[in-house]
Amino acid sequence: GRGAMINNFLLMSKFMWRQGYLKCPTLCSDDTPGDKCTCFCPSTISDWRLNAQNSGMNDLTGAWITKFKDAGNTTEEEVWDELCHVGWAGEMYTSAAPLDPLFWPLHGLADKFINMKRLMKDAKKTVLDESWGFTHLHQVPSDTGVVCDWSGVTGEFQMPNCTKKTCPGHKEFDIIPFGNFTGTDAPYYTNRAFYEFSYPNNDDFPYIYDTYVDWPGCAAQNISWWDV
């Protein structure tokens, strides 16, 4: 639908940003004109055909460029130009997402949802498959199979070194850089170990929600997702 098209359009543009084809200001003063404080594609790398090939955009399954072209009745070049002009996407568009206040209620709600589901599963009131699995889909612009190394980038328009691979961190026994939550536990956790540690009935868990049964937003829409 239209919502999916918009989301994937932003993800395609973010794919370009991660590889250096799209540049976004890191800071804008209050008096900076709006048209000077927005993401753009530098003229030095404006060959859209070459960029589409080198960035791996053409390799993404799902034919997103074609979908955008057909939906807007435009050319591929015009689609590329639009991908270079996403306006003011905000911190949620970049790796600085935690700076956006919306980041915290979104992730907090997701945390509360999954803990509620785990408790309801234990009470045999719902079904939840907790086996670990992560499948790279490669037909969505957020799972591109491209990793970029920015460590050698010094100039504003210098490009990173990008290769075809997948980022570590998603698998069951990948190490996450957090730990020692109680002062006496492990300094680092695997994804699975942290998932087990964060079980809402774990007495060592350092925080818990005051309620899992009060969902005013769901009640207002007559939604009770935990019953399915």
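## Disulfides, cores and salt bridges in a predicted model

Let me start with a bond. Cys-28 and Cys-37 form a disulfide, with their sulfur atoms 1.9 Å apart. Please keep in mind throughout that this is a predicted model. The torsion about the S-S bond of Cys-28 and Cys-37 is 105°, and the link is right-handed. Cys-28 counts as partly exposed, because its relative accessibility is 26%.

How many disulfides are there by count? The count comes to 4. If you number the bonded cysteines along the chain, the pattern reads 1-4, 2-3, 5-6, 7-8.

Next, the disulfide between Cys-41 and Cys-84, where the sulfur-to-sulfur distance is 2.0 Å. This one is left-handed, because the torsion about its S-S bond is about -90°. Cys-41 sits in the loop between H1 and H2, and Cys-84 in the loop between H4 and H5, so the pair ties together parts that are 43 residues apart in sequence. Are these two cysteines buried or exposed? Both Cys-41 and Cys-84 are buried.

Cys-148 belongs to strand E1, residues 146-149, and Cys-162 to strand E2, residues 161-164; the pair links distant parts of the chain, 14 residues apart. Cys-162 is partly exposed, because its relative accessible area is 26%.

The largest nonpolar core has 18 residues. Which residues have the most contacts inside it? They are Met-16, Leu-22, Cys-24, Cys-39, Leu-83, Cys-84 and Tyr-93. Note that Cys-84 is on that list, and Cys-84 is also the disulfide partner of Cys-41. The elements that give two or more residues to this core are H1, helix H3 (64-72) and helix H4 (76-83). H1 gives the largest share, 4 residues.

Cys-39 is worth a look in the viewer. Leaving aside residues up to four places away in sequence, Cys-39 touches Leu-22, Lys-23, Cys-24, Pro-25, Cys-84, Val-86, Gly-87 and Tyr-93.

Apart from that core there is another one, of 5 residues, including Met-116, Met-120, Tyr-212 and Cys-218. Cys-218 counts as buried, because its relative accessibility is 12%.

One more buried residue before I move on. Ile-45 is in the loop between helix H1 (2-19) and helix H2 (48-54). Ile-45 is buried, with a relative accessible area of 17%. How far apart are Ile-45 and Phe-157 in sequence and in space? They are 112 residues apart in sequence and 9.0 Å apart in space, taken C-alpha to C-alpha.

On to charges. The count of salt bridges comes to 4. Arg-118 pairs with Glu-130, and their closest N and O atoms are 3.3 Å apart. Arg-118 is in helix H5 and Glu-130 in the loop between H5 and E1, so this pair ties together parts that are 12 residues apart in sequence. Glu-130 also meets the side chain of Lys-121 in a salt bridge, at 2.9 Å from N to O.

Glu-130 is partly exposed at 22%, and Lys-121 counts as partly exposed at 29%.

Another salt bridge joins Glu-172 to Arg-192, with the closest N and O atoms 3.0 Å apart. Glu-172 lies in the loop between E2 and strand E3 (175-176), and Arg-192 in helix H6, residues 191-197, so the pair ties together parts that are 20 residues apart in sequence. Glu-172 is partly exposed, with a relative accessible area of 22%, whereas Arg-192 counts as buried at 15%.

Last, the surface. Met-92, Leu-102 and Leu-106 form a nonpolar patch there, with about 280 Å² of accessible area together. Leu-106 lies in helix H5, residues 103-122. Why does Leu-106 count as partly exposed? Its relative accessibility is 49%, and the exposed class begins over 50%.

Note on methods
Residues numbered from 1 in each chain as written. Predicted model: local features only at pLDDT ≥ 70, side-chain atom pairs only at ≥ 80, totals over all residues. Heavy atoms only, no water. Patch = residues over 30% accessible without salt bridge, like charges linked within 9 Å, V, L, I, M, F, W, Y side chains within 5 Å. Areas by Shrake-Rupley, 256 points an atom, 1.4 Å probe, with all protein chains shown as cover. Buried < 20%, exposed > 50% of the residue type's maximum accessible area, 1.4 Å probe, protein only. Core = buried A, V, L, I, M, F, W, Y, C linked by side-chain atoms within 4.5 Å. Contact = heavy atoms within 4.5 Å. Disulfide = S-S within 2.5 Å.
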